[in-house]
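Me: Got a model open here. Can we walk through a few spots in it?

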Amino acid sequence: MRWDNLFSDLESQLEYGLNAEENDLHEEEERLRLGRLSLRDRLRQVVAVSDRGANYSITFTLVGGVTLSARVTTIGKDWFAADLGLVAGGGLERAQKQCIVPLGAVQGLSLTRRQIRHSLEPHSPEAPAAITDRLGLAFLLRDLCRRRTTVDVTLQTESLFGTIDRVGRDHFDLALHEATSPRRDAEVAGYRLISFDCLVMIAV
């Protein structure tokens with residue numbers, strides 16, 4: 001009987017040791033996974049939950065003191081597009097329809113506990129990569145340029161309105177004109193070359 005107890009005790013200790021080792025390995029793998037997450041990864045997971053019907057609106061803090069509440073619709077390589085609620089900054093609040101925000105202009109996200117939990121969920125490896133995942137900000141701005149879309153450009157120090165004339169590797173040319181006027185040479189008040197690094201948001 002004593003031998004039975006001894007073997008049973010050894011078996012329990014071995015099982016406990018194996019389970020502890022497995023748990024430690026799982027915890028280490030989870031720490032490594034979380035350490036590899038980018039801001040874009042976490043935002044994408046919150047948006048994925050929104051696509052499943054949660055209809056999340058996210059509050060962003062952008063450089064220059066701009067805050068906005070937005071429902072993200074698309075995430076690109078280094079930007080996201082969103083339907084806007086209220087935009088605040090510089091003592092003004094205004095309603096916008098849609099915007100494009102460089103991820104580099106995001107200082108932080110204000111999330112609920114539920115959104116935090118969803119943002120940490122693993123990305124499904126079976127999910128096919130979207131074409132937009134590979135499209136950079138320059139590609140998107142070139143499309144706005146081609147369409148001659150008028151844009152409201154928010155920089156860290158000022159806001160400008162106009163039409164994008166051309167897009168370089170790290171900057172774009174903006175022809176400045178009144179919002180009520182089309183982009184004609186006679187209506188252009190000036191031109192501005194704008195670095196991508198200074199761009200906070202483009203509203204269309």
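Reply: Thr163 sits in strand E8, residues 159-167. Strands (E, at least two residues) are DSSP runs numbered from the N terminus, as are helices (H or I, at least four). This is a predicted model: local features need pLDDT of at least 70, side-chain atom pairs count only at pLDDT 80 or more, and totals for chains, interfaces and linings use all residues. Residues are numbered from 1 along each chain as its sequence is written, and side-chain values use heavy atoms, without hydrogens and water.

Me: Is Thr163 buried or exposed?

Reply: Buried, at 1% relative accessible area. The cut-offs: buried is under 20%, exposed over 50%, partly exposed in between (1.4 Å probe, protein chains only).

Me: Which side chain makes a polar contact with the Thr163 side chain?

Reply: That of His177, at 2.8 Å. A polar contact is a pair of N or O atoms within 3.5 Å; within protein, one must be able to donate a hydrogen and the other to accept it, and residues adjacent in sequence count only if both atoms are side-chain atoms.

Me: What else is Thr163 in contact with, beyond four places in sequence?

Reply: Among others, Arg148, Asp173, Leu174 and Arg183. Contact means heavy atoms within 4.5 Å.

Me: Where is Arg148?

Reply: In the loop between helix H4 (137-147) and strand E7 (150-155). Arg148 is partly exposed, at 39%. Its phi is positive, about 55 degrees, although it is not a glycine. Most residues other than glycine have a negative phi.
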